[in-house]
Amino acid sequence: MTEPEASPVGPVRRWPRRVRRLAVAGLAVLVLVSVPWLWTTLAARGHVYAVADAPTADVVIVLGTEVAPDRQRPGDRLAGRLDTAAELVASGRARAVLVSGDGGGASGDEPAVMTAYLVERGVDRRRVVADPFGLDTYDSCARAREVYGVERALIVTQSFHLPRAVTLCRHLGLDVDGVVARCDGCSAALLAEKSVRDYLASGKAAWDAVRDRPPAVRSAADPAIQEALRG
């Protein structure tokens with residue numbers, strides 16, 4: 001006597017259950033990954049401004065990023081940040097600029113390029129202070145407070161990066177407001193890529209904040225900002 005063939009009904013019935021389990025697991029992972037992003041986004045609310053509406057502060061912090069391939073000029077994103085900072089100084093909303101980036105970056109010396117560009121744009125060289133050890137956003141915020149004694153500042157970067165920067169700086173004890181930087185020449189694809197990257201980077205930001213990570217490079221107190229404000 002031949003055995004009856006296995007009915008396909010069992011596997012067919014089990015498949016939707018597997019799909020549901022995968023969907024629930026995927027949703028749980030998405031929620032978990034999104035919590036840090038929600039933290040940075042919500043904590044920055046009320047502290048992000050367009051340049052025309054920006055409040056005043058003695059210092060504006062400009063966060064570094066890649067320089068151009070010639071290693072002498074800022075890339076599009078960095079140029080937008082610096083142009084915005086120069087506008088804040090010219091309008092009297094800030095008096096000194098702290099350019100914070102990686103002095104030994106893969107694309108070049110970010111603070112040196114940033115300083116030269118600002119001077120070309122009419123910012124008094126005596127009003128610009130360069131921090132070559134702002135290796136990431138967290139370090140830039142921590143060193144602004146610990147090394148340069150900044151307590152109140154504006155911070156300039158593009159909109160996709162600004163909530164994370166504002167939240168980290170405020171978490172580290174700086175009274176900061178963010179100003180949205182221009183990004184002339186930035187393609188929609190680039191902005192979308194950087195938005196996704198920043199979404200993912202919010203997890204590291206939350207972890208750094210939770211464990212109170214010290215900056216990668218510790219330095220003695222530097223009075224350069226106070227001297228720039230007196231200059």
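1. Let's start with how the cysteines pair up. If you number the bonded cysteines of the chain in sequence order, the pairing reads 1-2, 3-4. Keep in mind that this is a predicted model. The structure holds 2 disulfides, and a disulfide is a covalent bond between the sulfur atoms of two cysteines.

2. Take the pair cysteine 141 and cysteine 169, joined by a disulfide with an S to S distance of 2.0 Å. Cysteine 141 sits in helix α4 and cysteine 169 in helix α5, so this bond ties together parts that are 28 residues apart in sequence. The torsion about the S-S bond of cysteine 141 and cysteine 169 is about -80°, so the disulfide is left-handed.

3. Are these two cysteines buried or exposed? Buried means under 20% relative accessible area. Cysteine 141 has 1% relative accessibility and therefore counts as buried; cysteine 169, at 1%, counts as buried too.

4. Now find cysteine 183 and cysteine 186, whose sulfur atoms lie 1.8 Å apart in a disulfide. Its torsion is about -65°, so this disulfide is left-handed. Both cysteine 183 and cysteine 186 are buried.

5. Helix α4 deserves a look of its own. Of its 10 residues (137-146), 8 are buried, so the helix is largely enclosed by the rest of the structure. Among the buried ones are Thr137, Tyr138, Asp139 and Arg143.

6. What do the buried residues of α4 pack against? Their partners include the strands β2 (59-63) and β5 (152-157), as well as the helices α5 (162-171) and α6 (188-210). At the start of α4, a side-chain oxygen of aspartate 136 comes within 3.3 Å of the backbone nitrogen of tyrosine 138.

Methods: Residues are numbered from 1 along each chain as its sequence is written. This is a predicted model: local features need pLDDT of at least 70, side-chain atom pairs count only at pLDDT 80 or more; totals for chains, interfaces and linings use all residues. Side-chain values use heavy atoms; hydrogens and water are left out. Buried means under 20% relative accessible area, exposed over 50%, partly exposed in between (1.4 Å probe, protein chains only). Helices (H or I, at least four residues) and strands (E, at least two) are DSSP runs, numbered from the N terminus. Contact means heavy atoms within 4.5 Å. A polar contact is a pair of N or O atoms within 3.5 Å; within protein, one must be able to donate a hydrogen and the other to accept it, and residues adjacent in sequence count only if both atoms are side-chain atoms. A disulfide is a pair of cysteine sulfur atoms within 2.5 Å.
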